[in-house]
Amino acid sequence: MPALDFQTLLRQERNRVRHEMDQTNNKTRSGSPRAEESEEGDQHDDDDKEDTTCVNFAARVDALLDSVMASHVQSAAPEDGDMDIMVTAAAKVVEEGEQVRHCLRARLNPEYLTRATTERDLSKHAMRGPPDGVFYVPEYISKEMEQEIMEVAHSMPVNQWVKLRGRRLQCFGGKPTENVRSFQSEALPPWIGQVCRTLMLAGVFDEEIIPNHVLLNEYEPGQGIMAHADGPFYHSRVAIISLGGPAIFRFKRRLIAEEISADSQESGPAGTVVLEPRSLIVFEGEAYHDYLHEIAAVEEEVVGGTEGTTPVLNLERLEGRINVGDRLKRALRLSLTCRRVKEEGEVKDQDDAN
Ligand SMILES: O=C(O)CCC(=O)C(=O)O
Ligand SMILES: [Fe+2]
């Protein structure tokens with residue numbers, strides 16, 4: 001039996017992706033919209049944009065296939081020449097290549113886009129601080145959209161998730177770098193692009209700063225994200241869509257130099273927001289610049305804190321579904337953090353040094 005050539009296999013996979021993508025693009029260019037898009041007027045603009053970024057997108061698929069390949073070649077230890085292991089690994093490469101393609105090429109139901117235009121006005125959803133600059137929209141996405149997003153997210157092979165101590169994530173739009181000067185933007189997969197477009201249609205982002213960078217975070221019960229600021233890399237408005245289980249988002253004021261003691265760089269929570277499944281939180285201004293945010297790594301948490309004294313900024317918007325003193329049990333939670341990476345000229349040198 002001839003030895004299995006992983007490089008050839010990879011080349012074949014790439015060619016297949018390219019071929020499929022060429023076919024899709026030719027179809028779009030020759031003006032034959034796919035059936036699911038024909039009722040949605042805006043969709044064609046979107047398709048035009050995807051055409052121009054197609055090479056970039058194909059490069060993204062290549063990179064993913066490379067990493068699928070690398071992980072299997074490694075685990076198959078080809079140098080020991082065990083054919084059975086190699087064949088199993090090759091089959092896995094093809095299967096996962098298929099999954100990657102499916103996830104990256106998926107589209108959500110285009111109806112979600114049209115709904116976003118009519119129902120939302122962000123200014124109605126402002127919370128009273130501190131901190132200022134926080135907005136909360138319950139039921140921002142429908143149960144169907146939540147379900148579709150979770151299915152696409154989980155169709156990605158396990159090895160495409162980046163495993164961190166408190167969560168795992170997938171990054172779309174390019175890998176964040178030390179500073180924006182070395183950042184290489186990548187096209188967003190269509191389904192992520194659709195999510196960003198709903199945010200624009202809902203008035204969360206102007207067209208010029210529609211998000212071009214999205215993190216898909218996944219937290220198991222007991223996991224969280226430590227207090228942090230999102231920093232100068234992005235335009236200072238963040239939109240986070242929550243899916244799955246609930247969590248409490250805590251804002252903590254950043255301490256000024258004189259207040260920082262050896263064991264504390266941050267103050268206690270100034271304001272919290274209960275993130276219900278399918279909700280949207282947006283924050284900017286003071287909340288972005290002067291506060292850190294965190295999600296505690298716990299399996300259960302009490303709304304308003306154990307003393308019941310921590311402000312819950314969106315209490316009214318919870319309309320009795322959740323009250324101060326309630327114990328919230330965590331369940332698997334996904335979040336989409338949508339932001340716009342600044343252009344080179346938009347970052348002040350001082351910011352960049354941070
Ligand atoms: O999962 C969340 O809601 C928070 C995510 C976050 O803060 C981030 O991605 O920077
Ligand atoms: Fe963050």
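Colleague: Is glutamate 319 buried or exposed?

Modeller: Buried means under 20% relative accessible area, exposed over 50% and partly exposed in between, with a 1.4 Å probe and protein chains only. The relative accessible area of glutamate 319 is 60%, so this residue is exposed.

Colleague: What pLDDT do local features need in this predicted model?

Modeller: Residues are numbered from 1 along each chain as its sequence is written, while chains are lettered from A and ligands numbered from 1 in the order in which they are written. Side-chain values use heavy atoms, leaving out hydrogens and water; the model is predicted, totals for chains, interfaces and linings use all residues, side-chain atom pairs count only at pLDDT 80 or more, and local features need pLDDT of at least 70.

Colleague: Where does glutamate 319 lie, and what is its phi?

Modeller: Helices (DSSP H or I, at least four residues) and strands (E, at least two) are runs numbered from the N terminus. Glutamate 319 lies in the loop between α9 (315–318) and β12 (327–329). The residue is not a glycine, yet its phi is positive, near 45°.

Colleague: Is arginine 278 buried or exposed?

Modeller: Arginine 278 is placed in the loop between β8 (266–275) and β9. It is not a glycine but has a positive phi of about 75°. Its relative accessibility is 12%, so arginine 278 counts as buried.

Colleague: What are the omega values of the cis peptide bonds between glycine 129 and proline 130 and between proline 130 and proline 131?

Modeller: Proline 130 is in the loop between α5 (111–119) and β1, and proline 131 is in the loop between α5 and β1. For the cis bond from glycine 129 to proline 130, omega is about 5°. For the cis bond from proline 130 to proline 131, omega is about -5°.

Colleague: What is the angle between α6 and α7?

Modeller: Axes are lines fitted to C-alpha atoms, for helices over the stretch in contact, and angles run from 0 to 180 degrees between N-to-C directions. Helix α6 covers residues 143–154, helix α7 covers residues 190–201, and their axes are 11 Å apart. The packing angle is about 145°.

Colleague: Is the crossing of α6 and α7 left-handed or right-handed?

Modeller: A crossing counts as left-handed if the near helix is turned anticlockwise from the far one by less than a right angle, and as right-handed if clockwise. The α6 and α7 pair is left-handed.

Colleague: Which residues make the contact, and how many of them are nonpolar?

Modeller: Contact means heavy atoms within 4.5 Å. From α6 come Met145, Ile149 and Val152, and from α7 come Trp191, Val195 and Thr198. Nonpolar covers Ala, Val, Leu, Ile, Met, Phe, Trp, Tyr, Cys and Pro, charged covers Asp, Glu, Lys and Arg, and polar covers the others, Gly among them. The count is no charged, one polar and, for nonpolar, five.

Colleague: What does tryptophan 191 touch?

Modeller: Residues up to four places away in sequence are not counted. The partners of tryptophan 191 are Cys103, Ala106, Arg107, Leu108, Ile149, Val152, Phe172 and Leu216.

Colleague: How far apart in space are asparagine 159 and glutamate 96?

Modeller: Asparagine 159 is in the loop between α6 and β2 (162–163). Its relative accessible area is 33%, so it is partly exposed. In sequence the two residues are 63 apart; in space, C-alpha to C-alpha, they are separated by 9.4 Å.

Colleague: What share of the residues in the protein chain is buried?

Modeller: The chain has 10 helices and 13 strands. Of its 354 residues, the buried share is 48%.
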